[in-house]
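Q: I am new to this structure and would like to learn how to read it. Please take the features one at a time.

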Amino acid sequence: MPSIGHDTKFLQELVGDALARGVASTISSQPNDPVDYLGQWLLRYVKNAREEGTFVETRAKEVQGKIVALETEQKAADASKAAAAARKAEIDALAAMDAEPTALVARALELIKANTSAGAVYAATVAEPEEPDWSPPEDPEDPEANESDDEVDPPAPAGEGEEGEEGEAAAVDAPAEEEPASSEEPDAPRVPRPVDYSRKYLSYTAASPGQEFMVKAELRRPGPPPEDAGEDYVPEPTPFTFRILDEPQPMVYCANVAFEASIKFLREFPKIGSYQACGIKSGEEYKAVVAVDTLFPEGSGQPLSQADTDYVWGVCLALSKAYEAQEARFAASREGNSAADAVAKLAADIVAIYHPPAPEPVEGEEGAAAEPAAVEPAPEEASDEEAPADAAAADGEEGGEPVDPIVALTAELKTLRSEVKAATEAKAASAKALDLAAGAMHAVVSTLSSLSEPALVGLRNATAVPQGTFHAVKAVLHLLGKAPDSLSNWKRAFEHFTPALFVELAQFDPMPDRDSAVWKLVRSAYKAAPESSKLAAEMPDTHLGPLLLMYVRWARKVGRKAAVLRSDGQMLSELSATVEAKEVELAELEAAKAAEETRVREEAAAVKLQAAGRGMRDRKRVAAMKAANAAAPAAEGGREEAASAEGEEAAPAESEAE
């Protein structure tokens with residue numbers, strides 16, 4: 001068989017099929033003009049082939065488009081499933097999260113804001129109004145108006161076998177009174193008592209970015225109608241969110257807040273949009289509320305989608321589980337833990353500070369140890385020299401005669417020195433009392449520091465306000481100089497519940513002069529606290545309330561002891577300065593007296609010397625006259641009489657000079 005050439009192969013591959021089909025159709029049809037028929041058939045074949053190619057190409061493109069769309073849809077579905085799984089994982093992680101309530105709420109708000117169309121997300125705790133601080137009575141004569149006494153000095157420990165010790169032990173170890181037996185059967189199911197929310201309010205504690213103003217807001221029930229309300233008075237409706245607590249409904253939703261009269265706008269400006277709120281439960285009690293909205297312009301103003309409301313509800317359910325688990329862990333950590341031993345040790349330490357045990361005698365020194373305590377020397381009696389001076393001063397004062405200033409000043413100095421001695425002893429006693437009080441306060445600080453970690457855990461994890469402990473906390477925060485506005489309620493005081501609080505307590509110096517305005521606030525807070533047993537029951541693992549009140553009382557005692565020491569020191573300084581000035585004055589008086597006595601002696605000696613010279617001259621003259629008279633007694637009779645008279649006058653003058 002001859003081989004097929006290149007041209008023939010070309011025709012067979014590209015034209016042969018069409019030509020064979022055309023020839024077959026011509027043979028089948030047997031037209032009058034087979035050539036024309038074959039030509040027309042080939043033309044139609046080419047046209048149909050072109051149209052069929054376009055159709056196939058279009059169809060292929062459509063098929064490819066559908067394939068791409070299906071792949072995109074599948075990817076979106078896979079991404080949606082992955083996102084849903086991620087969201088579910090985040091919700092599950094929130095339910096299993098071990099953190100403080102504030103951190104749990106912050107995480108819940110973060111999830112809702114990131115995964116829904118909500119414009120704002122915020123949360124509030126279901127809070128009970130804090131008990132008011134103590135107010136002083138209007139009557140100043142009322143004993144309650146007086147400031148409370150300081151922490152008393154602990155009594156000396158009773159000796160071994162004495163009744164006092166047994167009484168104390170009985171008081172400490174006395175078992176609590178047993179509760180009356182319940183009339184219910186032991187196996188009967190406990191029906192939980194319904195929670196009374198009538199006094200509770202919503203205190204907003206967290207919000208999404210841009211809504212920080214909510215953190216300072218509170219939502220309360222409307223107050224009672226005014227006394228002068230008439231018949232046309234329309235009471236204010238209870239805010240919409242309280243339906244969670246009152247009806248109760250675990251979730252409330254409003255598609256458009258503009259049509260709900262009970263919706264309260266915290267900025268007092270109506271808006272449009274949707275609102276959803278969910279209650280956060282722990283056990284059978286609502287602890288918090290999480291709310292979202294789409295209020296315009298922060299949000300879209302449109303209703304939340306079903307997916308969004310479902311997601312918010314899922315997050316809130318997870319938050320409820322986390323709350324309940326956290327409370328269970330917190331209760332388990334406190335179970336069986338009591339700070340009673342630490343408080344008892346603190347009391348013993350303070351007793352040891354005020355009444356240290358006697359040192360044990362060293363071997364070979366028993367006799368010395370058995371010697372009686374040295375008797376203080378009796379006050380020194382006045383010396384023989386001082387006694388007459390004092391007596392003379394007293395006699396001079398009684399007789400009305402002028403008192404020698406040196407004698408009076410010496411007596412005054414003696415009295416002043418006695419006062420200096422008494423003031424020195426008083427200052428030493430004040431310093432000792434201050435040291436003892438400061439030591440006791442240091443012991444309280446040490447106990448507080450050792451319990452600081454569980455105390456902070458208790459404060460930061462409390463889902464209900466420990467009312468009594470809050471009064472004690474406010475007292476120390478006032479004492480540390482915190483702004484009173486930051487202590488108006490538990491939510492605002494929460495910012496101070498950090499380790500720095502106990503550092504500041506340890507560093508606080510109560511010795512400077514106290515600020516009366518600050519101590520007035522401190523007093524109003526701690527006097528509102530209940531008795532120690534009730535305070536200890538609120539936080540039994542730390543006894544934080546009683547310890548803080550003890551800290552305040554010892555701080556006040558240290559401050560007062562320091563003030564007494566300053567007063568005693570000032571008095572001693574003034575007395576010492578007075579004694580020094582009086583001693584200088586006495587030295588000056590004695591020097592002046594000595595100088596005066598010297599002058600008087602010198603003057604007396606001069607007068608005596610002068611009188612002695614005059615007497616000698618007189619005697620010489622008398623002797624001469626006697627000699628003359630002896631020579632001429634008759635002639636000089638008259639002169640002799642005159643000389644005798646002159647001699648008689650000179651004798652009294654000489655005696656006066658002597």
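This is a predicted model: local features need pLDDT of at least 70, side-chain atom pairs count only at pLDDT 80 or more; totals for chains, interfaces and linings use all residues.

A: Start with the elements: helices (H or I, at least four residues) and strands (E, at least two) are DSSP runs, numbered from the N terminus. Residues are numbered from 1 along each chain as its sequence is written.

Q: In which helix is Asp568 placed?

A: Asp568 belongs to helix H17, residues 544-631. The protein chain has 18 helices and six strands.

Q: Is Asp568 buried or exposed?

A: Buried means under 20% relative accessible area, exposed over 50%, and partly exposed in between (1.4 Å probe, protein chains only). Asp568 is buried. Of the 658 residues of the protein chain, 30% count as buried.

Q: Which side chain of opposite charge is nearest to Asp568?

A: Lys and Arg count as positive and Asp and Glu as negative; His and the chain ends are not counted. A salt bridge is a side-chain nitrogen of Lys or Arg within 4 Å of a carboxyl oxygen of Asp or Glu. For Asp568 the nearest side chain of opposite charge is Lys427, 9.2 Å away, and Asp568 has no salt bridge.

Q: With which side chain does Asp568 make a polar contact?

A: A polar contact is a pair of N or O atoms within 3.5 Å; within protein, one must be able to donate a hydrogen and the other to accept it, and residues adjacent in sequence count only if both atoms are side-chain atoms. The side chain of Asp568 makes one with the side chain of Ser430, at 2.3 Å. Contact in general means heavy atoms within 4.5 Å. Leaving aside residues up to four places away in sequence, Asp568 touches Ala426, Lys427 and Ser430.

Q: How many residues does the largest nonpolar core have?

A: A nonpolar core is a set of buried Ala, Val, Leu, Ile, Met, Phe, Trp, Tyr and Cys residues joined through side-chain atoms within 4.5 Å. The largest has 52 residues, and Ile350, Leu448, Tyr551 and Trp554 have the most contacts inside it. H17 supplies the largest share of this core, twelve residues.

Q: Against which helices do the buried residues of H15 pack?

A: They pack against H12 and H17. Among the buried residues of H15 are Trp519 and Tyr526.

How values were computed:
Side-chain values use heavy atoms; hydrogens and water are left out.
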